[in-house]
Amino acid sequence: MYQITNFTDNDDVKIIDALGAFQVIEYQRDLSVTPNSAVTAYYSAQMNVKKRQLVCYLNRAPVTIQAGSMQWMLGDVNATTGIKGVGDFLGKAVRGKTTGESAIKPEYTGSGVLVLEPTYKYLILLDAADWGGGVVLDDGLFLACESSLQHKAVMRSNFSSAVAGGEGLFNLSLNGRGVFCIESDCPKEELIEIALQDDVLKIDGNYAIAWSKTLNFSVERSGKSLIGSAASGEGLVNVYRGTGKVLMMPTAKMPNI
């Protein structure tokens, strides 16, 4: 048997969220500083720029993570590629190429503990059941999920979504029952949730980070005509139609730290 000390029980570490097999911890101060970086570290902590880590308890559920994000693991932990034959590999390779995510997402099983690398981004835990069992993620947000969730590539409703919108033609979707974690540029407290009931949401820019798979997503002119779009000053907008939810940031994406 193993015992972990001075980790989640450290007075500088705070458990800020827990759901399913996951726990999010946050370092309240950055103590590994030099005299030259102490001032930056102090004001970073005051402005909520803090290191965060995702802790996975495999005795609760097997998990699948973004490739290269593992920092350390302890106890009974078995890692697999999650590949089930040549056909499955080719399918995942194509999906990874189209969605911008890693082609192979390792799966971890057992009863031990898996800890992912620290990040200054915000780690947000969500339950797929709250999204009707199917949620689509914006590019590059996926960090981890319970392995009960299936990964699929969802194609945009029209080619203009990729060309005119400046994004890929496909997005990663998670389907089924289970909890997943995304890396967001905004904290959960600032994210705006919009519920649609046979309605239309138009967003000027890539502010949406997740939306229900039941929604139809496209990129369209903001007005009914080219002249109308030019007059509004908006041009093209992201459009979400149907019944479902959209999770949206209030500000543009911030640069990586």
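A salt bridge here is a side-chain nitrogen of Lys or Arg within 4 Å of a carboxyl oxygen of Asp or Glu. The structure holds seven of them.

Some ground rules. This is a predicted model, where local features need pLDDT of at least 70 and side-chain atom pairs count only at pLDDT 80 or more, while totals for chains, interfaces and linings use all residues. Residues are numbered from 1 along each chain as its sequence is written, and side-chain values use heavy atoms, with hydrogens and water left out.

Start with R29 and D12. Their closest N and O atoms are 2.9 Å apart. R29 sits in the loop between β2 (22-27) and α1, and D12 in the segment before β1 (13-19), so this pair ties together parts 17 residues apart in sequence. Helices (H or I, at least four residues) and strands (E, at least two) are DSSP runs, numbered from the N terminus. Now, exposure. Buried means under 20% relative accessible area, exposed over 50%, partly exposed in between (1.4 Å probe, protein chains only). D12 is buried at 6%. R29 is partly exposed at 46%.

Next, E193 and K245. They meet at 3.8 Å, N to O. E193 is in strand β15 and K245 in strand β18 (residues 236-248), 52 residues apart. E193 is exposed at 51%; K245 is buried at 15%.

Strand β18 also holds R241, which pairs with E220 in strand β17 (residues 216-221).

Last, backbone. Most residues other than glycine have a negative phi. D198, in strand β15, has a positive phi near 50°. D198 is exposed, at 63%.
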